[in-house]
Amino acid sequence: MSNPWFRLHHEFYKDPVIQCLSSENQRHYIVILCMKCDGTLDREISLSNRNRIICRGLGLDQEKAEVVKKILLGLKLIDKKWQPMGLSLIHISEPTRLGM
């Protein structure tokens, strides 16, 4: 599913799970959410190509991306395929107001 819009609720910053992440890893998680929203994570491509694309999006090499993946997996923010889980703090939808 490709969608040009998602909302990040204000509770995101004070969620205890999100607070466990460093600022850098919070950014990485938001990049993963954006990659989900634009359909990148849903493309039917090989695992190696998917990992290269994700590394590129995160601005990390494979080794550092695996560390980030372990952290996000451990907090149940993503699954083994980098798919976001527990999306209660975001809402993927179309904008409801003009200009948004």
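**Figure 1. Where helices α2 and α4 cross.** Helices α2 and α4 pack at an angle of about 85°, and their axes are 11 Å apart. Axes here are lines fitted to C-alpha atoms, for helices over the stretch in contact, with angles running from 0 to 180 degrees between N-to-C directions. That angle makes α2 roughly perpendicular to α4, on a scale where under 35 degrees is roughly parallel, over 145 roughly antiparallel, 65 to 115 roughly perpendicular and the rest oblique. On the α2 side the contact is made by Asn 25, His 28 and Tyr 29, and on the α4 side by Val 68, Ile 71 and Leu 72; contact means heavy atoms within 4.5 Å. A word on what you're looking at: this is a predicted model, in which local features need pLDDT of at least 70 and side-chain atom pairs count only at pLDDT 80 or more, while totals for chains, interfaces and linings use all residues. Residues are numbered from 1 along each chain as its sequence is written, and side-chain values use heavy atoms, with hydrogens and water left out.

**Figure 2. The whole chain, for orientation.** The chain has four helices and two strands, and from the N terminus on its elements go β-α-α-α-α-β. Helices (H or I, at least four residues) and strands (E, at least two) are DSSP runs, numbered from the N terminus. Of the 100 residues in the chain, 35% are buried. Buried means under 20% relative accessible area, exposed over 50%, and partly exposed in between (1.4 Å probe, protein chains only). Among contacts in the chain with a separation of 6 or more, 67% come from residues 24 or more positions apart.

Figure 3. Helix α4 covers residues 62-74, and its 13 residues should span 18 Å at 1.5 Å a residue; the end C-alpha atoms are 18 Å apart, which agrees. The expected span is 1.5 Å times one less than the number of residues. Ala 65, Val 68, Lys 69 and Leu 72 are the buried residues to look for in α4. They cover an arc of only 105° around the axis, so they sit on the same side of α4; the arc is that of the directions from the helix axis to the C-beta atoms. As a reminder, an α-helix has 3.6 residues a turn, so residues three or four places apart point the same way. Over on the other side of α4, Glu 63, Lys 70 and Gly 74 are exposed. The buried residues of α4 pack against α2 (23-37) and α3 (47-58).

Figure 4. After α4 comes Lys 76, with a positive phi near 60°.

**Figure 5. His 28 up close.** His 28 sits in helix α2 and, at 3% relative accessibility, counts as buried. Its side chain makes a polar contact with the side chain of Asn 25, at 2.9 Å. A polar contact is a pair of N or O atoms within 3.5 Å; within protein, one must be able to donate a hydrogen and the other to accept it, and residues adjacent in sequence count only if both atoms are side-chain atoms. Leave aside neighbours within four places in sequence, and His 28 is in contact with Leu 58, Leu 60 and Val 68. Gly 59 is 31 residues from His 28 in sequence and 8.9 Å away in space, C-alpha to C-alpha.

Figure 6. The twelve residues of α3 reach 16 Å from first C-alpha to last, close to the 16 Å expected at 1.5 Å a residue. Arg 50, Asn 51, Ile 54, Cys 55 and Leu 58 are buried in α3. Seen down the axis of α3, these buried residues fall within an arc of 135°, so they line one face of the helix. They pack against α2 and α4, whereas Arg 52 and Arg 56 are exposed on the other side of α3. Following α3 is Gly 59, whose phi is positive, near 75°. Gly 59 belongs to the loop between α3 and α4 and counts as exposed at 62% relative accessibility.

**Figure 7. Ile 54 and its contacts.** Ile 54 lies in helix α3 and counts as buried at 1% relative accessibility. Leaving out neighbours within four places in sequence, Ile 54 is in contact with Ile 32, Met 35, Leu 41 and Trp 82. Ile 54 and Trp 82 are 28 residues apart along the chain, with 8.6 Å between their C-alpha atoms.
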